[in-house]
Amino acid sequence: MKTQRYLQRLFIHGVLLVGGVAMMYPLLFALAVSFMTEAEYSQVSWLPLPRHLYLGNYFQLFAGAGNIWLWAFNTLFRIAWYIIVPGATSILGGYVFARLRFRGRNLVFIFLLSALLLPGIVFQVPSYVMLARWPLAGGNNLIGLGGSGFINEWPALLIPGLVNSYYIFFFRQSFYAIPIDYEEAARVDGATTFQILRLIYLPMLGPAIAVMVIFQSVALWNDYVWPWIAVGGNPNVWPVALGFQQIMASSYKVPGVGIANYPFLLTVAMVASMPPVLLFLFLQRYFVEGVQGFGIKG
Amino acid sequence: MTRFSSGKRRVNSPLPSGSSQWHYSREHTRTAWIILTPILIYYIIFAIFPVLANTYLSFMKWNGITGLPVWNGLDNYVRYFYPPYPQIILNTFIFALTTMFIQVILGFGMALLLNQKVRGLGFYRSMWYIPTITSTAIMAQMVSIFISPYGGVVNNVLSNMGMPIVIWQTSPFWMRLIIILFSLWRGVGGTMVLFLAGLQGIHPELYDAAKVDGANGWQQLRYLTIPLLKPTTLFIIVTNIIGGFQIFEAVQLISKGGPFNQTNVMLLQIYSDAFTNSDFGTASSGATIMALLLLGASIVMIRLMSQEDAK
């Protein structure tokens, strides 16, 4: 009985470990190759062990291949923007739907959630058109023709997505987890709604806000499709995912001229992936709670 | 819910059960609309208007740049019945359904193992979840470097081990397999974490009771775990199908839809209709078809699951 139990444990750990290593293999392989010279890479086997830690690829990248520092700054700016503005609208919206009683509340709530039923593509093509044909922007005339509007400009990266139905729902759920007594006590003392939100709810929503900050940071660090559509032609406003992908794609496209420097390209991939992975390793609890919060409660 | 308990419900429950006993406060109404007005204006401009514009454009012919849209009847929709569009819709279905099936089975299996109170839970979970939080675009581009024909990682390893190299890009079989494996690799961690949460939510006393009744491990799984996880499973299947249908970066960056449209998918075609072919009418009709397919799929899934419940 005891041996059977022991064998069972061994089996479970074996499967989890083999599966886990298989999942990590492509990333670990790329990480190992990123420490290789091209000569070393041409001899690589399925188990890539760099003979010494060659850092040349990393130096080459950090010395400013492409515009990596500018792209990193652009991305951090967008992360801050997309935490502060949608954070504010979602917390306020969540409060309204969780705590206030007024006619039509459920109707408005369903109206706001209805966007979640549709795939993003239904919004993206017309949003592109709308930004491109924005009146009096980027050379456009009064009816929005003649120029390129906000396309390839910063506003195209900052205007969409400021009201986020997911997070309104998420914060509504978070408000339900807080007893209403605090608010009632503060009302008796004469506090206004905005004082209550700022002084009572904001601190108590801490964990929910942390989940939102983390998920928005990862989502925007990895954001590729919309920037590719909206600002693909202007490298000065690119975020990291688009810029790094473009470095990898452009060097890869010229095999006739000479084989691309693959260890360098994999270094680019590793540097682009590192921040979300590190964030996850340090804050695993919030990730798991967040995924489960969106899933099960939602 | 009776009105006696309504005082307690106010704390935790969102919905009034009947408006007759519901008290609307003028103060609340004012605050609510002060907050909601700007939110709703923004939402109407950037969510409702685009959906209406998309529907409108799907009946128009327009290059998106010069002039104004011209009425085009149903032509944009009719086009979806002629090559290459049926193939593209079929490919999208194949990718979404294959990935969903394998992901649900694999994710559930791994969650079951992780739920056996194993030591090192966080360590194993990390290894499965890390691919999920990397950027799809960067990882897809990395895969296309892996399978680059000459000097790419896989062929390099193959030739160093004395094996013949493979030109993956010309084979529909390999390109499909690679795209499915890539989607699985990026998605299975999230599915596993959701199943694990569902499993951890099952009360351990239920298993104790089942053991007392003499149920073995398999019977516990069949008659206790799986029925109790039905809402979780439904959620996972629906979100996986919705996500799987919207596969894009993997195809764009790994196979570019090739060879000969054998891996082309709806989103890639919609984007190339709009931004490469400057045909916003066809692109919009594609987006509408996609939305209808996804709504249909979710409704069918929810119906199927609730019919089983009724049995």
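Predicted model: local features only at pLDDT ≥ 70, side-chain atom pairs only at ≥ 80, totals over all residues.
A residue is counted as buried if 20 or more other C-beta atoms lie within 10 Å of its own.

The secondary structure of chain B consists of 14 helices and 2 strands. Its C-alpha trace extends over about 70 × 60 × 35 Å along the principal axes. The radius of gyration of chain B is 25 Å, whereas a compact globule of 311 residues would have a value near 19 Å. Chain B is divided into two domains, with domain 1 covering residues 3–57 and domain 2 covering residues 78–310. The centres of domain 1 and domain 2 of chain B, taken over C-alpha atoms, are separated by 35 Å. Of the contacts in chain B between residues at least 6 apart in sequence, 68% join residues at least 24 apart.

Helix 7 of chain B comprises residues 153–160, and its buried residues are B:Val153, B:Asn155 and B:Asn156. In an α-helix, residues three or four places apart point the same way, because each turn takes 3.6 residues. The buried residues of helix 7 of chain B pack against elements of both chains. In chain A, the partners are helix 2 (38–42) and helix 14 (262–282); in chain B, the partner is helix 6 (136–146). Just after helix 7 of chain B, B:Gly162 adopts a positive phi of about 80°.

Technical notes: Residues numbered from 1 in each chain as written. Chains lettered and ligands numbered in written order. Helix = DSSP H or I, 4+ residues; strand = E, 2+ residues; numbered from the N terminus. Rg over C-alpha atoms; globule rule 2.2 N^0.38 Å. Contact = placed C-beta atoms within 7 Å. Domains from an automatic or database assignment. Buried ≥ 20, exposed ≤ 12 C-beta atoms within 10 Å, placed from the backbone.
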